[in-house]
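This note is written for a colleague who is opening the structure for the first time. Please keep the model in view while reading the points.

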Amino acid sequence: MSLNDLRDKYSIVGVGYTPQGRLPDRTVMSFYAEACANAMADAGLKKEDVDGIVLYHSFPPEPDQPEPTPYGVAQHLGMTPSGLSHETYCTRNVLFTAIGWLETGICKNVIIVYADNGRSGNFLGRTFGFHSQPAYGHLGLTAVFPLAAQRAIHEGITNGPETWKYIAVGARKWANLNPRAVMHKRTLDFNGYFNSQMLVEPFRLYDNAVINDGGRAYVVTSTERARDLRHRPAIIMGLGMHNRACDFQQLDCKGRPSGARIAGKMAFDMAGITVNDIDACELYDATTYLVETRLIDYGFFGPGEGEDWFKGGTIEPGGRMPINTSGGMLSEAYFMGVTPLTEAVMQLMGRGEDRQLGPKTGTKEPEIILCGDIGAATESEATIILRKG
Amino acid sequence: MNLKDLKDRYAIVGVGYTPQGRVPGRTTISFHLEACANAIRDAGLRKEDIDGLILYRYFPTPSGEFHASAYQVAHRLGITPNGLSQEADCCRSHIFKAMGWLEMGLCKYVVISYADNPLSSGADFLIRMNDIWSDMHHVMYGHFGATSMFGMMAQRDVHTGRSCGPEAWKHIAVGLRKWANLNPAAMMHEHTMTFDDYFNARWVVEPFRLYDNCLINDGGRAYVITSLERARDLKHRPAVIMGHGLANPSFDDAQLKRLERPSGIKLSGEMAFNMAGITINDIDACEPYDCFSWGVESDLIDFGFFGPGEGAGWFQGGTTEPGGRMPIGTSGGLLSEAYYMGVTPLTEAVMQLMGRCGDRQLGPKTGNKEPEIILCWDKGGLPHGSMSTTILRKG
Amino acid sequence: MAYEKPLPQVNADNKAFWNGCKEHELRFQKCQECGLVRWPPSIICPDCHSYDTGWTEATGKGKIWSFVVYHVAYDKAFESELPYVVASVQLEEGPRILTNIVGCSPAEVKCDLPVEVVWEDIEGGFSLPKFKLLS
C-alpha cells in the first residue's frame, strides 16, 4: 500500500479537554485520565470501544508523583486496550502509530493524549536533561531554538523580532476570544512584545509558549466508523512525517530545508491539494520563529518575506490566513502537537464558539486546515491536513 | 483490514549482535549503533534503505553517558527515517508499530533495537526500573524491583496449586543453562547447572532463588523487519511472521487482577494463533520471555501446553532441553544467554529458522526436530502491563 | 535513630489517603455513582468514569492475597530487617493494597490468612498501615 491510499480513510472524532493553566491541586495522572475520559465521551464512545492509547512524550514527573505510564493511564480508566504506547524524547509519530494500528486491525478507536503539570512544577528544570550542554550553561528547550534562529537571521531567512511580533500578537488576539486560553484576559501589542523580558537572545518572553498544567486528548478512527459517532468528523486528508534526527550541535540541520518540507510534501501529495487550498493553519508554535520558518517551508512565502506577509493582520481574526486560532501554544496552552491538531478539529466541527472561523470572526469558513507537529529541537516533524467531514 | 490478513505479510530478515556480558569501556549508544549496523548488514541492506527505527525501550543512561535517544542513534547511523520511535516504558507494541508503518507505506524497512549498559556502568538496573512504576505505593514498604513483583504472583500461583513451584522452575533454569552451554556467545556458556546448584543458590526475594532470575548484561541486539515480498530479495531465508498478537491487561501488582482474568499471554496468544491458523500442536520450539522461571511455567499453561499443577510432570525428563520434545530458550534465554527483553527470544527464533545456530542448531545436531514453526513471546510492564506473542515460520 | 526509609510521595490524588493514615484511619475513595471502592486513588472511577467521589473508612480487616520475603536489601535502610515480608492484602471492602506483614516470622506467613491493620508512626507525621496475623 502507498501512503496516498490513506487519503480520507481516517478521522478525528472527539476532543477531550481538562482545566488548564495553574492547577497545583492536580496530579499529572489525573489530567491524563480526565483528558482521555472526556475525549471518549465527546466522541460518543464507551471505554469498551476504545482499544488503543498512545501517550505523547512526557517530561520527568514532579518529585511527588510517579511517572505516568500507558498501563497506569489504562488502569485509571479501567481499560485493557490492545494497543498501548508511550513515546519518549519527543518523536512525533504518534498519529502514524495510531493509524498503523487501525490499518492492521488491532485497534478500532485510538486515543492520543498529552498531559503535564508544568506550571505548578518545575517545567524548565525538567527539560534540562534534554539537548543541554550544562558545562556551557546551555540549558533546556528555550535555549535550542534561539541558537538556530540567530543563524537564520544571519542568513537572511528571517529578520527576527520585526516579524515574530506579528506571530506573538496574532496568537494573543485569538486567545482573547478563547475563555479556555491561559492568556485569555491579557492583551498584547507590539510594544508589549518588545518590552517583554529578553530570555535567551534573540528570544523574548513572548516568543515562547506558555507553560501550563492540564491535558488534552483526541480520538482517531476510520472515517467509516466516524459516520456513526457524535460530531461531524475532521477527516485526515493528508499526512507526512520526517525525522531529520540530527544532533542539535550540528546546527545546520536546523537550517533549510526542515523536516516540514519533506513531511509537508508527503501530506500535500496525499491530499492532492496545494497550499492555495488551505483556509487556516494550526502550527506548532512552541516559539514564534518556528511558525515563520514552517510557513516558508510549506510555501506561503519565501525566505526574508515574512514581515511583509504578516503585515496588516494576515493571521489575526479578520485576516486572510488565520493561524493558531485557539491562541496556540504561545497563548492558549502547551500540549505539544495536540494543541494545534485539536483546535483544527474543533474549528472544522464548528465548535469554535467566539473564535469560530467564519462570519463571527470575519474569516472564511474553513474547509481545509493545515496542522503541524514538531518534536524535540525540530528533529521530528509531522504534517497533517484535515478537512471538514 | 482484518487482523487475519496480516498472516505471512511480514518477515524478519536480519539480526545484529554485539559483544555481550560484562563489556567495559562502552556506552549504551555504541551498543545500539553496533547492533543496528550489524542487523542492516546482516539483512543485506544499506543504511539508505532503512526508513524506520524503533528503540525498544528508554532507560536513563548511566551517568556520564549522553542520552540514548532514537534521534541520537539515527544521527550517528547517518539515517533520516520517516518512522522514528522510542518506547518510554515497557509497552510491547513494537512489532505492531512496525507492521503498521509498513502497512501504511510510511516505511519499507524497520530496524528495532535494544541496548543497555548496566553491568559495566554500575547503574542500578532495578532502581532504574523502579522509577517508572505508576501509583504503586511501594517503596515505603521496602518493595523494589521486578523479582519481588513477579514473586508476588508466583507465590499466589503456588498457593492455588496452579504452579508447581521450584519443582517445575528447576527444570526451566537448568534447561536454559544447557542451551547456553552450547552457545559461545551466552553469558553463562561456561557455567553448568545441576538441580542441586539450583536449590543451593541463595534466596533473592522468596519464592525466587538466584537462578530463577534473568541476567543483567551489557550489550545490544537488533533486527530488521520488512514485507515478505521484499524479504525474498535479501540475504537470508526470511523468518516469516505467521501470527502476532498484543494484549495489555494493565493492572498493577497490588491489584494482581491479572491472575483472575485471562492474562496478556493468553489473549495475545489467541490473537497470534488465530492469525496463523494453527494450534500449539504445530509448534516445534519455543523462545520464551524468561525474565523469571515461574513466568515460563505460567505462560506455557496459558498457551495450553499443560494444565495448572501439571508443570513439574511435563518438564520431567528434559522436555525443554537439547534432545527434548519441546526445546525452550535455545540460546540460553534471558536466564542464561543475555537480557534484551523480547529481542532475545525473537532473534533466537529467527536464527534457528535461518539455520544459523551452530552447535545449538535445532535438528540432527541437538537431537531435535528441525524447526518449521517457533512460538515466541514478550512481556512488559511491572508486572504484566503489556504482552505480545509472535509465531514465526521458516521462509 | 533517624528514619532512613523512603517516605510516602504525597500528591493531590493520594493526600486524603495519607491524611487518613495520620489519624490511623484507612480511607478509600468510593464512587458515588456506581459504588466501587477504588485503589489506587484517582480523580475518576475506573468502572463508570464518574468524577463524583466520596471517601469511606475501611475496617482494616482482610486476607493475605499474596506475599514475598526479601532476602536482599535493595535499599540499605531495610538491611537490618532482613528477611522481611511484603504482602498484597485483600481488604474486606474490595481494594488490595501493598503493605508489610509484621509481628511474626516470615515462615508463619501464608496466602489467605486473615490479617488486620496496625499502624506504624514514622517520620514526617506519617503513619504507615501495616498488617498483623489474626491469631
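The points below take up the chains, their interfaces and some local backbone features.

1. The structure is a predicted model. The values that follow should be read with that in mind.

2. Chain A, overall form. Chain A contains 13 helices and eleven strands. Along the principal axes, the C-alpha atoms of chain A fill a box of roughly 55 × 45 × 40 Å.

3. Chain A, interior and surface. Of the 389 residues in chain A, 70% are buried. When contacts in chain A with a separation of 6 or more are considered, 76% are between residues 24 or more positions apart. The accessible surface of chain A is about 12000 Å², and carbon and sulfur atoms account for 48% of that surface. Chain A carries 37 positive and 44 negative charges, whose mean positions lie 3 Å apart.

4. Chain B, overall form. In chain B there are 14 helices and eleven strands. Chain B is as compact as a globular protein of its length, because its radius of gyration of 19 Å is close to the 21 Å that the globule rule gives for 395 residues. The box filled by the C-alpha atoms of chain B, taken along the principal axes, is roughly 55 × 45 × 40 Å.

5. Chain B, interior and surface. Buried residues make up 71% of the 395 residues of chain B. Chain B exposes about 11400 Å², with 49% supplied by carbon and sulfur atoms. The mean positions of its 38 positive and 44 negative charges are 4 Å apart.

6. A covered helix in chain B. How many residues of helix 11 (residues 293-303) of chain B are buried? Eleven of its eleven residues are. Among them are B:Trp294, B:Leu300, B:Ile301 and B:Phe303, as well as the acidic residues B:Glu297, B:Asp299 and B:Asp302. Just after this helix, B:Gly304 adopts a positive phi of about 100°.

7. The interface of chains A and B. The size of an interface is often expressed as the accessible area lost when the parts come together. Chain A and chain B bury about 4200 Å² between them, and 57% of this area is on carbon and sulfur atoms. On the side of chain A, A:Tyr71, A:Tyr89 and A:Thr104 supply 17% of the area buried against chain B, more than any other three residues. The contact involves 56 residues from chain A and 53 residues from chain B.

8. The interface of chains C and B. Here 35 residues of chain C are in contact with 32 residues of chain B. The two chains bury about 3000 Å² between them, 60% of it on carbon and sulfur atoms. In chain C, the residues that lose the most area to chain B are C:Trp65, C:Tyr74 and C:Leu98, together 25% of what that side buries.

9. Cis peptide bonds in chain C. The bond from C:Trp39 to C:Pro40 is cis, with omega near 10°, and C:Pro40 sits in the loop between strand 2 (37-38) and strand 3 (53-57). Another cis bond joins C:Leu82 and C:Pro83, with omega about -15°; C:Pro83 is in the loop between strand 4 (61-70) and strand 5 (84-91).

10. B:Asp8 is not a glycine, yet has a positive phi of about 65°. B:Asp8 lies in the segment before strand 1 (10-17) and, at 21% relative accessibility, counts as partly exposed. B:Met341, also not a glycine, has a positive phi of about 50°. B:Met341 is in the loop between helix 13 (333-337) and helix 14 (343-353) and counts as buried, at 0% relative accessibility.

Technical notes: Residues are numbered from 1 along each chain as its sequence is written. Chains are lettered from A and ligands numbered from 1 in the order in which they are written. This is a predicted model: local features need pLDDT of at least 70, side-chain atom pairs count only at pLDDT 80 or more; totals for chains, interfaces and linings use all residues. Side-chain values use heavy atoms; hydrogens and water are left out. Helices (H or I, at least four residues) and strands (E, at least two) are DSSP runs, numbered from the N terminus. Buried means under 20% relative accessible area, exposed over 50%, partly exposed in between (1.4 Å probe, protein chains only). Contact means heavy atoms within 4.5 Å. Accessible areas come from the Shrake-Rupley method with a 1.4 Å probe; for residues, only the protein chains shown count as cover. The place of a charge is taken as NZ of Lys, CZ of Arg, CG of Asp or CD of Glu. Buried area is the accessible area (1.4 Å probe) that two parts lose on being put together, summed over both. The radius of gyration is taken over C-alpha atoms; the globule rule is 2.2 Å times the number of residues to the power 0.38.
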